[in-house]
Amino acid sequence: MALKIIDVSEHNGRIDWEEARKHIDGVIIRCGYGMDQANQDDKYWKRNADECTRLEIPFGVYLYSYADTDTKSRSEAAHVLRLIEGYRLSYPVYLDLEEEKDGTRRQAIRGARIFADIVEAAGYQVGIYANENWYKTIIGSALDKYTKWVAKYSSKAPDVPNVDIWQYTSSGNVPGLTGNGGRVDVNYCYRDFVSEIAGECVSTPKPDTDYAVMGGNTVVKDGQIHLNNFTGADIKVDGNRGLETVKGGIMVLQTALNMDYRAGLTVDGILGAMTLQALGSHYVCLKECQYMVTALEILLMLKGYNPQGVECPGSFGSGLEAAVRQYQKDHGLTVDGIAGRNTFMSLIA
């Protein structure tokens with residue numbers, strides 16, 4: 001199920017965030033545009049960021065780019081970093097590429113890489129916003145390493161691979177927003193950035209059961225080894241559940257969906273629309289034998305729960321069922337020992 005997020009700027013005026021938060025899952029706020037000049041800060045950036053922080057509304061940021069030189073691209077990165085300092089982001093930092101001047105179009109890919117290198121070095125995840133035409137005619141696959149936010153005002157999804165956020169209208173209506181004639185950009189978000197960016201803040205199992213890590217991260221470390229063997233990935237085996245391991249968990253699920261259901265997914269660790277669609281309402285339970293069971297075993301280990309062995313394809317036995325039940329109990333899920341969509345989504349978060 002896609003999340004509903006909006007993106008806002010000073011053009012949306014003074015927003016009643018107390019009301020708006022009841023109707024959205026998150027927001028991407030424009031912090032400014034262009035180079036690092038105070039007169040190019042978004043006039044409502046600080047208020048919007050402060051209100052979202054106060055009300056615990058998950059948010060990320062975007063900066064409108066018009067850089068046509070390397071120097072300007074570096075300045076745009078500095079602009080973002082100056083404004084977001086001290087804030088906790090739950091969505092990536094996006095560079096908005098849509099300026100149609102020839103110099104800006106020529107600089108777009110090179111400038112985005114310069115921008116991203118600087119912002120990533122400061123510890124933030126970077127994404128690229130552009131419309132479908134820009135992705136198809138200017139960007140292509142050159143910036144595929146960054147998360148994609150694509151604009152296409154239509155009932156038909158963008159014809160761009162691995163879209164994480166689809167801006168489907170600029171004329172949405174959300175209670176609490178009255179500026180700009182009440183119109184606001186609305187997006188479908190197919191990726192759980194909030195959990196992903198939290199990384200080490202993901203819930204860990206209780207240490208009072210046989211399924212939790214005993215004396216450190218031994219179970220997680222073993223899970224990372226199985227992850228690499230199952231997917232062919234080469235993530236670091238260190239027993240820590242960081243962003244690389246979270247991404248690897250998604251690769252485990254994608255691999256199993258391909259093997260059991262011929263889903264045809266790209267095994268890239270990105271929880272996009274195709275992966276969510278392929279997962280659908282599939283589930284595994286006691287006495288079943290398939291690769292989704294293997295995925296379940298590995299994903300439990302990556303969360304620190306011992307499934308009593310990993311097989312390929314996996315056979316769902318009583319030990320695995322007990323681990324699933326314990327995980328469900330610890331994480332507020334329906335405790336039925338059946339690994340359905342909700343359990344899998346929780347395990348890859």
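Axes are lines fitted to C-alpha atoms, for helices over the stretch in contact, and angles run from 0 to 180 degrees between N-to-C directions. The views below come from a predicted model, in which local features need pLDDT of at least 70 and side-chain atom pairs count only at pLDDT 80 or more, while totals for chains, interfaces and linings use all residues. Residues are numbered from 1 along each chain as its sequence is written, and side-chain values use heavy atoms, leaving out hydrogens and water.

**View 1. Helices H3 and H4 cross.** Helices (H or I, at least four residues) and strands (E, at least two) are DSSP runs, numbered from the N terminus. The axes of H3 (residues 70-84) and H4 (residues 102-121) come within 8 Å and cross at roughly 40 degrees. H3 and H4 are therefore oblique to each other (angles under 35 degrees count as roughly parallel, over 145 as roughly antiparallel, 65 to 115 as roughly perpendicular and the rest as oblique). Their crossing is right-handed: a crossing is right-handed if the near helix is turned clockwise from the far one by less than a right angle, and left-handed if anticlockwise. Contact means heavy atoms within 4.5 Å. Residues making the contact include Ala77, Val80 and Leu81 of H3 and Ile114, Phe115 and Ile118 of H4. The residues of this contact divide into seven nonpolar, three polar and four charged (Ala, Val, Leu, Ile, Met, Phe, Trp, Tyr, Cys and Pro count as nonpolar, Asp, Glu, Lys and Arg as charged, and the others, Gly among them, as polar).

**View 2. Helices H10 and H11 pack together.** H10 (residues 291-302) and H11 (residues 318-330) pack at an angle of about 55 degrees, and their axes are 11 Å apart. That angle makes H10 oblique to H11. H10 passes H11 in a left-handed crossing. On H10 the contact is made by Val293, Leu296, Glu297 and Leu300, and on H11 by Leu320, Ala323, Val324 and Tyr327. Seven of these residues are nonpolar, none is polar and one is charged.

**View 3. Eight strands form a barrel.** The closed barrel runs S1-S2-S3-S4-S5-S6-S7-S8, with mixed pairing; two strands pair if DSSP finds at least two bridges between them. Neighbouring strands of this sheet are turned by 30 degrees against each other on average, direction ignored. H3 lies across S2 (26-33), S3 and S4 (93-96), at about 145 degrees to S3. Helix H5 (residues 132-139) also packs on the sheet, where H5 touches S5 (126-131) and S6 (147-151).

**View 4. Strand S8 sits between S1 and S7.** Five bridges join S1 (residues 3-8) to S8, and these two strands run antiparallel. Lys4 stands opposite Tyr188 in S8. S7 (residues 163-172) is also antiparallel to S8 and joined to it by five bridges. Gln167 stands opposite Asn187, and the bridge partner of Gly172 is Val184. Five of the six residues of S8 (residues 184-189) are buried, so S8 is largely enclosed by the rest of the structure (buried means under 20% relative accessible area, exposed over 50%, partly exposed in between, with a 1.4 Å probe and protein chains only).

**View 5. Two loop residues have a positive phi.** Most residues other than glycine have a negative phi. Phi of Glu56 is near 60 degrees. Glu56 is in the loop between H2 (45-55) and S3 (59-64) and is exposed, with a relative accessible area of 70%. Arg262 has a phi of about 50 degrees. Its place is in the loop between H8 (243-261) and H9 (273-279), and Arg262 is exposed, at 78% relative accessible area.
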